[in-house]
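Reader: Hi, I'm new to reading protein structures. Could you go through this one with me?

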Amino acid sequence: MQCLSKNRGYLIATGCILQVWHIIPMYRASDNRLLVDSLNRIERKYGKLNHKHGRDFIIRLSANFSLIRELFMSLYGKVHKSEKHFDELIKVLYEGYHLRPKELKSSDRNREKDPNWLLSQKWVGMSLYPEHFSGNLKGLENKLDYLQDLGINLVHLMPILKTPELNNDGGYAVSDYRKINPALGDMSDLRRLIRNLRKRGMLIAFDLVLNHTSDQHKWAKKALKGDKKYQNYYYIFHDRTIPDQYEAHMPEIFPETAPGNFSYLPERRKWVMTVFHHYQWDLNYRNPEVFVKILETLLFLANQGIDILRLDAVPYLWKEIGSSCQNHEKAHTLVKLIRRCTEVVSPGVKFIAEAIVAPNEVVKYLGQDDEPECDIAYHATLMALIWNSLATTKVRLLYRSLSKLPSKPFGTTWITYGRCHDDIGLGFDDEDIYQTGYDAKMHREFLLNYFTGKFPRSQAKGALFMHNPITGDARISGSLASLAGLEKSMEDKNIAQTELAIKRIILIHALILSYGGLPMIYSGDEIGLLNDYQYLDSPEKEKDSRWMHRAAMDWKAAKKRSESGSITSRIFTAIQHLIELRKTTELWADFNNTNLEYCDNPHILVFSRSSAVESADGSVSRILVMMNFDKQPQLTGQEILLRKGFILNEGVYDLYSEGPLNYHNGNIEMQPYQFYLITENPI
Ligand code: OTU
């Protein structure tokens with residue numbers, strides 16, 4: 001008590017009390033006392049918290065303490081010794097803060113002053129596998145100029161933490177959260193890379209695979225040896241009674257390669273929950289010790305300088321018999337708790353929710369205004385709808401699905417993307433498909449046939465992923481360029497089709513760069529990298545067609561980006577130009593300022609980006625984006641411009657081509673896959 005009252009005095013003297021004091025009275029008296037006790041314990045162990053050491057921590061812990069406790073106790077209040085675990089959590093928070101490097105603490109403070117820093121239009125990301133892109137982490141440093149040349153300033157490193165050589169699910173089966181895969185480098189290489197990125201004003205995103213560990217993680221190994229404490233880190237059962245109860249309501253994620261959600265451990269004659277592959281053991285978040293350990297890991301990664309953590313498979317974090325074990329309310333509680341804890345230690349760190357679930361469920365991972373969860377979520381709905389629109393040449397389903405999507409909280413953003421390392425799930429609503437005039441089952445079948453090239457006239461070359469012959473369900477693999485028709489048209493030496501494929505590739509990028517959100521380009525797509533079929537020769541990978549679109553970067557092809565007129569150059573320079581336009585136009589910052597606009601032509605997507613206030617200096621205050629998803633030219637009336645307040649023939653022009661729009665008999669004319677970024681000349 002005594003220590004804290006001194007601290008209070010200190011805080012009053014420095015003015016910080018203003019921030020603390022208006023929060024403290026909201027506490028229950030018991031929380032107040034607990035906070036004081038916690039801080040005193042920290043002081044006894046680490047020395048006095050003062051202006052230099054701990055001021056920010058005290059302020060942030062005070063602001064979040066009641067909520068952290070409430071969230072923690074709602075999950076673990078009934079667990080044996082929950083108070084002890086809570087104390088441990090607070091200790092881990094302080095340790096995380098104590099170990100956080102000075103420069104990161106100062107970056108945290110700057111970001112706190114500008115909480116919307118991530119919404120800026122200046123951020124453009126790329127996801128890449130260091131081993132496929134540059135061999136290793138050191139090699140990656142030599143490629144940063146290339147990324148910057150394209151305009152990338154956020155690098156999402158695909159998982160690089162230690163995994164077994166086999167059975168690693170492309171990095172998503174971690175065996176040591178504190179070591180880097182030796183083939184890629186070590187922690188000091190990662191830190192050096194991050195320093196280099198920071199110097200260049202670039203950000204780094206990194207996976208936290210927190211739903212499961214590899215069966216080679218030390219916790220799993222100890223559990224397998226019979227250690228009860230570590231068995232309780234996972235969902236392990238001595239017979240099928242409980243697993244069968246779970247199974248009754250759990251869908252299968254990888255039915256082809258990993259049927260069922262439990263795996264047998266012959267060494268112990270027990271069953272372990274393995275929702276993904278048999279070697280990915282689901283962590284038991286009903287055990288508070290697991291939560292505290294994973295939080296410690298998270299803070300360790302944050303303290304290496306990671307700006308954005310991607311929470312892998314976040315909908316699966318909480319399992320409950322009788323439920324699908326996805327999107328459980330307590331999975332959200334866990335995310336809220338992670339978020340609050342991070343705000344105390346490293347508030348500059350942002351979170352991506354990796355939740356590829358029903359559209360209405362995805363938005364929930366962005367939290368609500370007073371209950372934040374993640375800052376960013378994948379716009380998987382938009383991604384799937386882009387491909388649907390290309391296959392059908394129409395945008396009706398896209399309009400219907402997107403207009404129904406609940407709006408996301410202000411301050412959060414989408415990852416807009418065309419491809420990533422995973423499959424494309426056809427995650428739109430059956431009812432919406434029906435309302436658009438198709439039979440849902442037949443429509444899905446059509447899309448699967450279209451993207452695997454079975455549909456007559458389809459130019460796409462993809463493969464099915466996790467095909468379930470009983471239900472007919474499947475997802476789709478294939479590189480963006482191959483799905484867009486580049487591979488087939490080049491094989492067929494069909495110049496006209498190659499032209500169309502290039503246009504589709506550019507259109508997809510125009511959409512993800514302008515729709516609203518943080519665009520994430522998948523490495524290789526910027527040069528039209530085709531499918532890689534080598535995975536078919538590997539017994540480990542042949543059944544996982546996602547390897548088809550995880551090809552090594554083709555640096556020889558990338559060199560051609562400066563050969564004007566080459567396919568590579570046309571794709572690369574178009575994306576580069578789009579990125580440049582995005583960065584210099586503030587309307588592309590994501591302040592929930594995208595509006596779908598009605599268009600009478602079913603092939604043309606129209607949306608606007610507008611600022612809330614008309615600017616006095618005549619600078620751009622609205623942009624109308626028009627995109628033709630058909631391989632035929634299309635027309636639409638000019639009313640669409642009038643409705644948005646554009647004055648016809650007076651300075652209406654296309655930002656992309658820096659020229660006027662094309663007209664035909666008084667209508668706006670759009671060539672196959674053409675897009676306009678329409679604005680008006682400054683008056
Ligand atoms: C994620 O994806 C990763 O992105 C995958 O590469 C991993 O294999 C997997 O987790 C396991 O770690 O099912 O088909 O809603 O869609 O977690 C991809 C989230 C997946 C799931 C997602 C998962």
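Reader: Which residues of H6 are buried?
Author: In this predicted model, the buried residues of helix H6 are Leu104, Lys105, Ser107, Asp108 and Arg111, where buried means under 20% relative accessible area, exposed over 50% and partly exposed in between, with a 1.4 Å probe and protein chains only. Seen down the axis of H6, these residues fall within an arc of 160 degrees, so they line one face of the helix; the arc is that of the directions from the helix axis to the C-beta atoms.

Reader: And which residues are exposed on the other side of H6?
Author: Lys102, Glu103 and Lys113 are exposed there. As background, an α-helix has 3.6 residues a turn, so residues three or four places apart point the same way.

Reader: What do the buried residues of H6 pack against?
Author: Their partners include helix H4 (55-76), helix H10 (187-199) and strand E5 (203-208), with contact meaning heavy atoms within 4.5 Å. Helices (H or I, at least four residues) and strands (E, at least two) are DSSP runs, numbered from the N terminus.

Reader: Before we move on, how are residues numbered, and what pLDDT do local features need?
Author: Residues are numbered from 1 along each chain as its sequence is written, and side-chain values use heavy atoms, with hydrogens and water left out. Because this is a predicted model, local features need pLDDT of at least 70 and side-chain atom pairs count only at pLDDT 80 or more, whereas totals for chains, interfaces and linings use all residues.

Reader: New topic: is strand E19 enclosed or open?
Author: Five of the five residues of E19 (residues 518-522) are buried, so the strand is largely enclosed by the rest of the structure. Leu518, Met520 and Tyr522 cover one side, while Pro519 and Ile521 are on the other.

Reader: Which strands are joined to E19?
Author: Strand E1 (residues 125-128) runs parallel to E19 and is joined to it by three bridges, with serine 127 partnering tyrosine 522. Strand E16 (residues 413-416) is also parallel to E19, with two bridges, and two strands pair if DSSP finds at least two bridges between them.

Reader: How many salt bridges are there in the whole structure?
Author: A search finds 47, each being a side-chain nitrogen of Lys or Arg within 4 Å of a carboxyl oxygen of Asp or Glu. One of them joins aspartate 422 and arginine 550, whose closest N and O atoms are 3.6 Å apart.

Reader: Are those two buried or exposed?
Author: Aspartate 422 is buried at 14% relative accessible area, and arginine 550 is buried at 5%.
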